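Please keep the structure at hand while reading.

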Amino acid sequence: MVFCLENEEARRPLGSTMVQFQASEVQQLLHNKFVVILGDSIQRAVYKDLVLLLQKDSLLTAAQLKAKGELSFEQDQLMAGGQLGELHNGTQYREVRQFCSGSGHHLVRFYFLTRVYSEYLEGILEELTYGPAPDLVIINSCLWDLSRYGRCSMESYRENLERVFMRMDQVLPDSCLLVWNMAMPLGERVTGGFLLPEMLHFITQLQPLAGSLRRDVVEGNFYSATLAGDHCFDVLDLHFHFRHAVQHRHRDGVHWDQHAHRHLSHLLLTHVADAWGVELPKRDYPHGQPFPPHEFFNFNPTEDCSMPPHLGCSPGVNFVPGPLPPPVPSPIPHGQHRGLAVHRGMPRCIHTSPYHVPRTGAPCRQRPRHSDRLIHTYKLDKWPPPHSGTWPG
């Protein structure tokens, strides 16, 4: 198996800073929606970029991406963990953040996870059960699971994936869209904070161990995508989308710059709009340039970043290759256009979507919402006590 190699050249900003979604369009798409994001430091950056894009058309700064459990970020609030406790890189680290817009029409919450399924996650699901029901859940957990929980980590990861999808299926209302973000590609040298010091020493000194972690991520991505599909959840293949964007990956081999995260937000929001049957904004691109800009990728035809056939990218497996340009006017009925390259775990039929747009396909699961209370009137009665921890990435 051959992986993408880290680009040794200095990173440069994209040739085009044009965005796919403007802040006003994101506000409209997520109007009166409750968004929950769960995962590690990569998913925290997903949360931060979404919070920023809900307010203004600008990119995250390097300092904002690197900030560790700060008390406030762009009008949000740290609810638990982070700087409210001791900063560390342990598996008991907690960080809960929440953003509620001034109008009260947008609520976004983030929970830091160090394992895809645990007693802590059960506590989160209990909060979601008795609080307002989320309209959108975005989740990923992989690197911590595969590197911090013993030699049988892959087997435990597969079991926990089955548990978390089963519990999400039980707890979330049918109207909720769950998107599993597949883990993004790692660099040749990995020095992220999720690694223990002694483990970091071996990985940086012995390249075969670093390669093993990269292969484990690919294998874990295959299992997570397959199980998510089995439970009728959506999957966004970030490993595929960013395989040639290595110049936007940080030198720690794990994290990504603000341009990559804005591109990720565009992919995610396009997926959500398509799933909800919302007409996407149409842009006139300079020189006919499709989105994303060609400069975003550092394509090298000698590099093969695909997964081997036994890990799920053979022609017979339900993965759709290649990002597509934004939709264009066509005779295709509204809400049935082809979206970006994603694997969908269920037919495009969400009769109970927030926008009440009928979709084609087999009948969907029918499950009533737990609560119809307006999100801006909701206040948590009890948050878990602050936990000691730090930004583990």
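The model is predicted, so local features need pLDDT of at least 70 and side-chain atom pairs count only at pLDDT 80 or more, while totals for chains, interfaces and linings use all residues. Residues are numbered from 1 along each chain as its sequence is written, and side-chain values use heavy atoms, with hydrogens and water left out.

**Cavities**
- There are eight cavities of 30 Å³ or more, a cavity being a set of points on a 1 Å grid over the protein atoms alone where a 1.4 Å probe fits but cannot get out.

**Aromatic pairs**
- The model has eight aromatic pairs, meaning rings of Phe, Tyr and Trp (its six-membered ring) with centres within 6.5 Å.
- Phe165 and Phe233 have ring centres 6.0 Å apart and planes at 40 degrees, so the pair is tilted; planes under 30 degrees apart count as stacked, over 60 as edge-to-face and the rest as tilted.
- These two residues are 68 residues apart in the chain, and both are buried (under 20% relative accessible area, 1.4 Å probe, protein chains only).
- Ring pairs also link Tyr47, Tyr93, Phe110, Phe112 and Trp144 into a cluster.

**Charges over rings**
- The charged end of Lys33 sits over the ring of Trp276, 6.0 Å from its centre; the rule asks for NZ of Lys or CZ of Arg within 6 Å of the ring centre and within 35 degrees of the ring normal.
- Arg158 lies over the face of Tyr223, 4.0 Å from the ring centre.

Methods
1 Å grid on protein atoms, 1.4 Å probe; cavity = no way out; pocket = protein on both sides within 12 Å on 5 of 7 lines; lining within 4 Å. Points joined across faces, edges and corners; volume = space filled by probe spheres on them. Helix = DSSP H or I, 4+ residues; strand = E, 2+ residues; numbered from the N terminus. Buried < 20%, exposed > 50% of the residue type's maximum accessible area, 1.4 Å probe, protein only.
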